[in-house]
Amino acid sequence: MLVTRRPILRQFCREHPMPFLPVHVKEQLFSRKSLIWVDMHHQLLKMVSATIDILKKELHLEQESVVLSEEVVNGLVLVDIINGFCTVGAGPLAPREPNQQMTGMIEESVRLTRLFCEKKWPIFAFIDSHRPDQSEHPYPPHCVSGSDESNFVPGSMEKIDGSMEKDGSNVFIDWIKTNSIKSILVVGVCTDICVLDFVCSAISAINHGFLNPLEEVVVYSNGCATFDFPTEIAQNIKHGLAHPQELMHHVGLYMAKERGARIANKVSLP
Ligand SMILES: [Zn+2]
């Protein structure tokens, strides 16, 4: 058994690097002596992946290549691209390990921020920020105002017109009206939480006539990301709620489209 275990484990690790698993869980996983246990886990991961594929097919999401018109004013909205949610180890709600979806979101958001800066198009950033005594159910204390968690991810968003902390003010409405923005492009985190909340609120406000002249909301899928909290960890935590990243990202985009947003998988200029 000793002779065969190592090659099998190596192959298993190659096929399933599992970047979402914290190091101590991986160590636990690979310190197990039983090949059967590893094989069962292997099969389980395959089943989860196949099930997610089935669900994504069932909730089919048509995405489009969006060319930003230079005839109208486009606004870029950055949702919570801050250390507390995006930088590895930066806080209780930050990724615990490097994550491909999160890295891609940052790269694309930076690319678009630069593009909008070059075009002198307006950019607006939401920043999650809380007073030390202000709780946000159901999350643990996070992104305390003035802490590094509430700062933009490094090297990215230096030239933004303005930003707002979520205090319910009308700064966003003023930004739309002052710049006569017709279309907004939304990127950030988390696809199925704050991005979706924002999209639903914006579309509702458009429908009620509060956001004139804004007409459309575009969500850029590769510029959004959500977090990963695997079932196998959640089930060992009291009140733990599993949050499989790929599926919840898809669901967030699907619901945004259901509410009337356009979903783009490519964004470019004419
Ligand atoms: Zn918060």
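# A guided tour of the predicted chain

Colour the model by confidence to begin: in the chain, helix H1 (residues 2-15) has the lowest confidence, at a mean of 48, and E6 the highest, at 98. The score here is pLDDT, the predictor's confidence in each residue, from 0 to 100. This is a predicted model, in which local features need pLDDT of at least 70, side-chain atom pairs count only at pLDDT 80 or more, and totals for chains, interfaces and linings use all residues. Residues are numbered from 1 along each chain as its sequence is written. The mean pLDDT of the chain is 85, and 80% of its residues reach 70 or more.

Select residues 1-7 next. Here pLDDT stays under 50, and the model has two contacts beyond four places in sequence for this stretch. A contact is a pair of residues whose C-beta atoms, placed from the backbone, lie within 7 Å.

**The whole chain**

Switch to cartoon view. The chain holds nine helices and seven strands; these are DSSP runs numbered from the N terminus, with helices (H or I) of at least four residues and strands (E) of at least two. Of the 270 residues, 31% count as buried. Buried means that 20 or more other C-beta atoms lie within 10 Å of the residue's own; with 12 or fewer it is exposed, and in between it is partly exposed, C-beta atoms being placed from the backbone. Among contacts between residues at least 6 apart in sequence, 77% join residues at least 24 apart.

**Strand E2 and its partners**

Select strand E2, residues 73-79, where six of the seven residues are buried. Two strands pair if DSSP finds at least two bridges between them. On one count, seven bridges join E2 to strand E5 (residues 181-189), and the two run parallel. Show Val 77 and you will find Val 186 of E5 opposite. E2 also pairs with strand E3 (residues 123-127), again in the parallel sense, over four bridges. There, Leu 76 has Ile 123 as its bridge partner in E3.

In soluble globular proteins, nonpolar side chains tend to be buried together. Now centre on Val 218. Leaving aside neighbours within four places in sequence, its contacts include Val 66, Ser 183, Ile 184, Ala 261 and Arg 262.

Most residues other than glycine have a negative phi, and most peptide bonds are trans. With that in mind, zoom in on the bond from Val 189 to Cys 190, which is cis, with omega near -15 degrees. Cys 190 sits in the loop between E5 and helix H7 (191-207). A cis peptide bond also joins Asn 212 and Pro 213, with omega about 5 degrees; Pro 213 is in the loop between H7 and strand E6 (216-225).

Cys 143 is not a glycine, yet has a positive phi of about 45 degrees. Is Cys 143 buried or exposed? Cys 143 is buried, because 26 other C-beta atoms lie within 10 Å.

Then try His 239, in the loop between helix H8 (231-234) and H9. His 239 also has a positive phi, of about 60 degrees, although it is not a glycine. With 6 other C-beta atoms within 10 Å, His 239 is exposed.

Follow the chain into helix H9, residues 245-258. Its 14 residues reach 20 Å from first C-alpha to last, close to the 20 Å expected at 1.5 Å a residue; the expected span is 1.5 Å times one less than the number of residues. The buried residues of H9 include Leu 247, His 249, His 250 and Leu 253. Just after H9, Gly 260 takes a positive phi of about 120 degrees.

Now pick Glu 246 together with Lys 56: they are 190 residues apart in sequence and 9.5 Å apart in space, C-alpha to C-alpha. Lys 56 lies in helix H3 (residues 35-58) and is partly exposed, with 15 other C-beta atoms within 10 Å.

Finish at Glu 64, in strand E1 (residues 64-67). Glu 64 and Ile 263 are 199 residues apart in sequence and 6.4 Å apart in space, C-alpha to C-alpha. Not counting residues up to four places away in sequence, Glu 64 touches Arg 262 and Ala 264. Glu 64 is exposed, with 12 other C-beta atoms within 10 Å.
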